[in-house]
Amino acid sequence: MEHAVPWMLLEGEHADAARYTARFDSVGLQLPERRLTSRELMASTRHHTNIDLERLTGIRERRVCSEGEDSFTLAVGAARDCLARSHHAPADVEMLICSSITRYMGRDSYRFEPPLSLSIKEAIGAPQAVNLDLSNACAGMLTGVFLLNDFIRRGVIRCGMVVSGENISGLGTNAAREIRSLFSSQLASLTLGDAGAAVLVERAPDGKPGILLAGFTTISEHSRLCFGLPAPHGPGARMFTKARTIHKVAMQDAPPLLDAVLEQTGLRLADIDWLIPHQTSARAIKAGGRVLAERFGGGPKHMVVNCEEYGNTSSTTHFVALHRYLTEKRFQRGDKVMLLALASGLEIGVVLLEMDDLVESHGRAH
Amino acid sequence: MGARIESVGTSHSHRGLLGRGALHLSDEAAKKCLQHAGRHADDIDLLVNAGLYKDRNMAEPALASIIQEDIGANPGHPPVRDRHGTFSFDVMNGACGAISAAHLVDGLVGKGPARLGLIVAGDADPGTSQDFPFPSVGGALLLAHTDADEGFARFAFRTFPEYADLFEVRLTWEPDQKHNVLEVRQDPSFGRRCVECATEATTAFLSAIGLGAQDVDLLIASQYPPGFPGELGGALGVPLDRMPIVPPELAGAHTAGPIVALESAMRSGQLARARNVLFVTAGAGVTTGIALYRNVPR
């Protein structure tokens with residue numbers, strides 16, 4: 001069958017003739033213990049806002065770092081959890097990609113060099129891994145998966161890790177000092193929560209399923225809709241987002257791209273068992289689900305909403321959700337899971353995989 | 001089959017000229033690079049930025065996405081049937097970032113779904129440092145798919161974490177000064193350790209592929225720390241005439257270092273005469289990134 005040139009940069013079954021299939025071997029998580037409810041956060045605003053954040057976003061609480069926790073410790077914790085659930089030893093990791101937006105190592109100290117990935121690989125006992133950091137906003141972890149998928153499919157490596165530690169809730173604390181109304185450009189900062197996540201991607205044994213397709217594109221005419229910058233008069237950072245515009249353009253641009261992805265795989269959206277979108281707010285995810293269902297004449301079997309207890313954990317949201325659903329044993333072998341990235345840039349990415357051994361191996365300590 | 005170097009472009013800040021941040025420098029280098037190749041920005045499938053020090057220390061979005069918009073590489077919707085888009089993201093690996101980016105782009109362009117990849121690397125003082133050590137320089141490198149026997153043949157990355165403390169850059173909140181300060185901490189031994197680590201890694205790299213220093217027709221090295229290229233060439237035994245002379249306004253470039261060296265080698269005709277081109281980068285970590293590029297002498 002002839003396939004049209006896809007707009008997204010795609011790697012999958014029909015897109016090229018790769019030798020191997022990549023799959024998720026294990027998923028790791030590290031959450032701070034401390035919880036901050038939306039009520040507590042909104043009670044800390046300097047100005048009276050009248051914003052019912054929980055009702056608006058569906059986010060009841062988020063985890064926040066305490067003294068001694070930062071991007072690095074969350075990433076290392078997640079990487080260790082990931083390895084504990086894997087049959088791989090740290091010595092098997094050939095490539096390690098750290099994709100945190102926040103790069104805090106120590107209190108209020110954001111490290112540019114050396115890369116965080118170097119310290120992470122040393123901390124987990126994988127000094128042999130080729131390491132690099134990448135930055136692609138909330139699409140960072142899935143961008144890392146896209147790249148490892150390419151290396152594994154070509155047979156260059158057998159096993160790699162993507163890890164991210166997001167100590168990002170401070171943007172919400174900073175926003176709370178300045179926000180005045182629902183129309184504030186810092187409103188989205190109030191949804192943020194801290195989390196570390198990691199995924200080991202490995203070459204699947206012959207005949208085993210894994211990543212069916214991975215694709216990305218950047219609709220850069222929207223690149224200036226969201227900025228994260230260091231705060232000018234205090235520690236940490238601030239984020240300015242034209243949230244309504246981003247949601248609108250994402251809803252406009254994502255469906256035709258998904259159409260092309262599905263065409264490559266010969267699947268319909270209704271064949272997707274679980275769609276895990278980036279977790280911004282429950283309301284935005286449900287609205288997006290309605291748009292997709294309308295466009296495709298039926299949505300995925302399950303649209304995953306996982307932000308009530310964790311908020312928007314930026315680049316880690318897909319893997320926080322995946323970890324939880326694996327722990328709760330919600331997936332079955334053969335389930336088709338679509339991870340959908342929508343991030344500042346505007347980055348739109350898809351990783352489509354078929355569940356297999358992971359549904360059982362996740363709960364097993366090795 | 002692989003990814004061949006199609007063109008390079010560089011830019012730098014002129015003394016006293018304002019408004020030349022990393023974005024401006026990167027945009028300019030990217031546009032020059034495309035112009036030299038006679039390519040349209042829409043041809044680019046993949047755009048990777050390896051620059052680290054950005055305007056206002058921006059953490060989000062990836063600078064690559066803004067560069068993509070500025071140079072007009074498939075910026076808009078709607079996706080059109082039988083037309084491809086552009087995918088952009090940033091890589092951060094200090095002075096080795098451009099070689100890390102080349103490693104990723106080489107696979108996707110040379111053996112994967114992309115046909116043309118642009119690597120951009122630019123750094124400029126974000127204005128929050130008292131001792132920013134790098135000149136304001138941008139570089140861009142265009143890699144195109146080829147079915148011929150040319151392009152990147154091998155990459156190798158090594159880290160020497162025992163020297164991780166010798167060079168560190170952090171943005172830290174300083175309560176006394178009441179703002180975030182970009183602190184650059186460099187030990188006096190950093191330059192020497194970079195040369196030692198790069199020499200050890202390069203010697204092992206060449207030995208693994210059955211080559212010696214005499215087989216290196218052109219050595220393209222990091223431009224920071226100062227003196228690194230010459231000392232590395234001396235330690236490896238690569239004659240000076242096999243190394244480019246980088247103009248003073250581009251000397252000391254950080255992430256764009258190997259790109260400005262490559263441009264100098266193109267201008268001098270050294271690249272056109274070379275078969276084995278060896279890229280050797282070294283920086284914080286200490287990290288070394290090495291690549292062998294098989295060139296077709298023209």
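User: What percentage of the 298 residues in chain B is buried?

Analyst: This is a predicted model. A residue counts as buried if 20 or more other C-beta atoms lie within 10 Å of its own. In chain B, the buried share of the 298 residues is 61%.

User: How many helices and strands does chain B have, and what is its radius of gyration?

Analyst: Chain B holds seven helices and eleven strands. For 298 residues the globule rule gives 19 Å. The value for chain B is close to that, so the chain is as compact as a globular protein of that length. Its radius of gyration is 18 Å.

User: In chain B, what share of the contacts with a separation of 6 or more joins residues 24 or more positions apart?

Analyst: Start with the contacts in chain B that have a separation of 6 or more. Then take those between residues 24 or more positions apart. Their share is 76%.

User: Are α7(A) and α8(A) roughly parallel or roughly antiparallel?

Analyst: Helix α7 of chain A spans residues 243-265, and helix α8 of chain A spans residues 282-296. Their axes lie 11 Å apart, at an angle of about 30 degrees. Angles under 35 degrees count as roughly parallel. Therefore α7(A) and α8(A) are roughly parallel.

User: Which residues of α7(A) make the contact with α8(A)?

Analyst: The two helices pass in a right-handed crossing. On the α8(A) side, the contact uses A284(A), G288(A), V291(A), L292(A) and R295(A). The residues of this contact divide into five nonpolar, two polar and one charged. From α7(A) come H247(A), M251(A) and P255(A).

Notes
Residues numbered from 1 in each chain as written. Chains lettered and ligands numbered in written order. Predicted model: local features only at pLDDT ≥ 70, side-chain atom pairs only at ≥ 80, totals over all residues. Axes fitted to C-alpha atoms, helices over the stretch in contact; angles between N-to-C directions. Helix = DSSP H or I, 4+ residues; strand = E, 2+ residues; numbered from the N terminus. Parallel < 35°, antiparallel > 145°, perpendicular 65-115°, else oblique. Left-handed = near helix turned anticlockwise from the far one by under 90°. Contact = placed C-beta atoms within 7 Å. Nonpolar A, V, L, I, M, F, W, Y, C, P; charged D, E, K, R; others polar. Rg over C-alpha atoms; globule rule 2.2 N^0.38 Å. Buried ≥ 20, exposed ≤ 12 C-beta atoms within 10 Å, placed from the backbone.
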